[in-house]
Amino acid sequence: MFNNETELLQAALRYEQGHCRRTQHILKVYALAKLLGEQENLSLEAQQILRAAAILHDIAIKYCKERYNGDASQERQKLEAPGLVRRFLLQANYSPALIPQITELVEKHHDYSSPRNQTLQILMEADLIINCYETCPDSKKIAEIEAVFETPFGKELLALYIQGAKN
Ligand SMILES: [Fe+2]
């Protein structure tokens, strides 16, 4: 018997139809968000919300590319994400009570200048670290990324990335 998180992850992977970058990105951000959520001692409910948001955080990219002739801008994603997030969560039997918080995390995970709770902070850090490994940003961009980090383990992981990038 699968729990709802397993079902959600399976559904997201099926939806991406083997797209190389997005499939790997989902798995990596999910794993790292889980680790950081545990490390930061989030409540069990917050950890569940965080992991679901990690699975779904970029779910609107494929939909927007198909619907808007390749345009998956942040604005388009914010417009389409709530409906997609709701559909995926309900199909995986998540409690409707969790949908608003998970949707908010998905919508705001690139809003680096807005106030944020610890759960959003962790999702941002997980996504940024994985993005660094995927895109190898230049030193100016890394300095901007470093300014976003707050959690001790997130900072440590980013420092490890920077160290590794020099080798
Ligand atoms: Fe992402």
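**Notes on the predicted model**

1. I129 has 22 C-beta neighbours inside 10 Å and therefore counts as buried, the threshold being 20 or more. This is a predicted model, and the remarks that follow should be read with that in mind. I129 is placed in helix α7, and once its neighbours within four places in sequence are left aside, I129 is in contact with L32, L157, L158 and Y161. By contrast, the C-alpha atoms of I129 and S73, which are 56 residues apart along the chain, are separated by 21 Å.

2. N131 is also in helix α7, but with 16 other C-beta atoms within 10 Å N131 is partly exposed, because that category covers counts lying between the exposed limit of 12 or fewer and the buried limit of 20 or more. In sequence N131 and L44 are 87 residues apart, and in space their C-alpha atoms are 26 Å apart.

3. Helix α7 itself, residues 118-135, has 18 residues, which at 1.5 Å a residue should span 26 Å, and the end C-alpha atoms are 25 Å apart, in agreement with that expectation. The buried residues of α7 are T119, L120, I122, L123, M124, E125, A126, D127, L128, I129 and I130. The cover over these buried residues includes α2 (20-39), α3, α6 (99-108), α8 (139-146) and α9 (152-166). After α7 comes C136, which has a positive phi near 45 degrees.

4. Which residues touch the most other members of the largest nonpolar core? They are A33, A53, L56, L123 and A126, in a core of 39 residues. At least two residues of this core come from each of α1, α2, α3, α4 (60-67), α5 (74-91), α6, α7 and α9, and the most is given by α7, with eight residues. As general background, nonpolar side chains in soluble globular proteins tend to be buried together.

5. Leaving aside neighbours within four places in sequence, L56 is in contact with A12, V85, F88, I102 and V106.

6. The contact is made by E5, L8, L9 and A12 on the α1 side and by R51, A52, I55 and L56 on the α3 side. By residue class, this contact of α1 with α3 divides into six nonpolar, no polar and two charged residues.

7. Q17, in the loop between α1 and α2, has a phi near 50 degrees, a positive value in a residue other than glycine. Q17 is exposed, with 9 other C-beta atoms within 10 Å. N93, in the loop between α5 and α6, has a positive phi near 65 degrees and is likewise a residue other than glycine. With 11 other C-beta atoms within 10 Å, N93 is exposed.

Key. Residues numbered from 1 in each chain as written. Predicted model: local features only at pLDDT ≥ 70, side-chain atom pairs only at ≥ 80, totals over all residues. Contact = placed C-beta atoms within 7 Å. Helix = DSSP H or I, 4+ residues; strand = E, 2+ residues; numbered from the N terminus. Nonpolar A, V, L, I, M, F, W, Y, C, P; charged D, E, K, R; others polar. Expected span 1.5 Å × (residues − 1). Core = buried A, V, L, I, M, F, W, Y, C linked by C-beta atoms within 7 Å.
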